[in-house]
Amino acid sequence: MPLDHRRVPGPEESQAPLLFVPSEAKAGEPPPAGDAHRDPTALQPLFARVGLLSQAKGSAYVELDGGTKVLCAVAGPREAPGGGGGPGGFGGGSGEPRGRLVCEFRRAPFSGRGARGRPSDREPELSLAMQEALEPTVRLARYPRAQVEVSALLLQDGGSALAAALCAAGLALADAGIELYDLVVACALCRAPSEGEWLLQPSEPEERAAAARLTVALLPSLNQVSGLLGSGEGGPPDRWAQALRLGLDGCQRLYPLLRQSLLRAVKRKTADTQEPSEREESVEPPAPTA
């Protein structure tokens, strides 16, 4: 009898897939939120690359060891619709027009587990948090009646997404040549449930099981907090103050890494612009022929 090649023959013996499921998952117990022996002050290894997008004026890519991947692009400055950001600087007392900063935070459809949530769930809130954290670092008074656009795309959410997006946005603004007071650095924290301690740069499982969350944005050279976003039940005020100190310390430790990525990008651009002239100088004249 000829074989039917359109069908995939099954194995002669099979076993139920439930045999390979861990016992905790069988009983319906939630998976552990993270490593029980994890150092709460430890930073995740971070990879940053500046100048990836040739179509954008400035761009940066930031990836955390937990799996978070963020790509940020900057456009402008360009003419702002409606004549700019209105009179006054941050204090509003100079009477001169200043520029406008527009931020957008978007999630890729494949960034998280399960079905994608509606765009109106968290994206507008995170976009506003990005704008509030980045406005103090940009010299908007130098761009009157102009608009600078910052767009962050979350490719994969492995925890600390907003902090990674702020770091990428700061690098992209510097890569675009936008005048800044300082390079913004951000760190995320979460507090474990049942009176747990605060964890620096939590992973996605740790954030999902957390009782409170906090994101801190810092201008390290000026020692100025540019953004602060917290939610949940973090305990008494002294516990929140402890989390803030931990986040500021993490930002100070993260600042040299981001600065080194900027220096590497500048060296690459300098090498690219100098290579043609160096090749011309190194060419030897042809030897005379007999």
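**Figure 1. Burial and fold of the protein chain.** Of the 290 residues in this predicted model, 37% count as buried. The protein chain holds 5 helices and 9 strands. Along the sequence, these elements follow the pattern α-β-β-β-β-α-β-α-β-β-α-β-β-α. Contacts in the protein chain with a separation of 6 or more are counted here; residues 24 or more positions apart account for 68% of them.

**Figure 2. Helix 2 against helix 3.** Helix 2 spans residues 123-134, and helix 3 spans residues 161-175. The two pack at an angle of about 50°. Their axes lie 11 Å apart.

**Figure 3. Side chains where helix 2 meets helix 3.** Which residues of helix 2 take part in this contact? They are Leu-126, Ala-129, Met-130, Ala-133 and Leu-134. Helix 3 contributes Leu-162, Ala-165, Leu-166, Ala-169 and Leu-173. By class, the contact has 10 nonpolar residues. It has no polar and no charged residues.

**Figure 4. Helix 3 and the residue that follows.** Helix 3 has 15 residues. From its first C-alpha to its last, helix 3 reaches 21 Å. That is close to the 21 Å expected at 1.5 Å a residue. Is helix 3 enclosed or exposed? Of its 15 residues, 14 are buried, so helix 3 is largely enclosed by the rest of the structure.

**Figure 5. Ala-75 in strand 3.** Ala-75 sits in strand 3, residues 69-79. Its relative accessible area is 22%. Buried means under 20%, and exposed means over 50%. Ala-75 is therefore partly exposed.

**Figure 6. Partners of Ala-75 from elsewhere in the sequence.** Which residues does Ala-75 touch, not counting those up to four places away in sequence? They are Gln-147, Val-148 and Glu-149. Ser-151 is also shown for its distance to Ala-75. Ala-75 and Ser-151 are 76 residues apart in sequence. In space, they are 8.4 Å apart, C-alpha to C-alpha.

How values were computed:
Residues are numbered from 1 along each chain as its sequence is written. This is a predicted model: local features need pLDDT of at least 70, side-chain atom pairs count only at pLDDT 80 or more; totals for chains, interfaces and linings use all residues. Side-chain values use heavy atoms; hydrogens and water are left out. Axes are lines fitted to C-alpha atoms, for helices over the stretch in contact, and angles run from 0 to 180 degrees between N-to-C directions. Helices (H or I, at least four residues) and strands (E, at least two) are DSSP runs, numbered from the N terminus. Contact means heavy atoms within 4.5 Å. Ala, Val, Leu, Ile, Met, Phe, Trp, Tyr, Cys and Pro count as nonpolar, Asp, Glu, Lys and Arg as charged, and the others, Gly among them, as polar. The expected span of a helix is 1.5 Å times one less than its number of residues. Buried means under 20% relative accessible area, exposed over 50%, partly exposed in between (1.4 Å probe, protein chains only).
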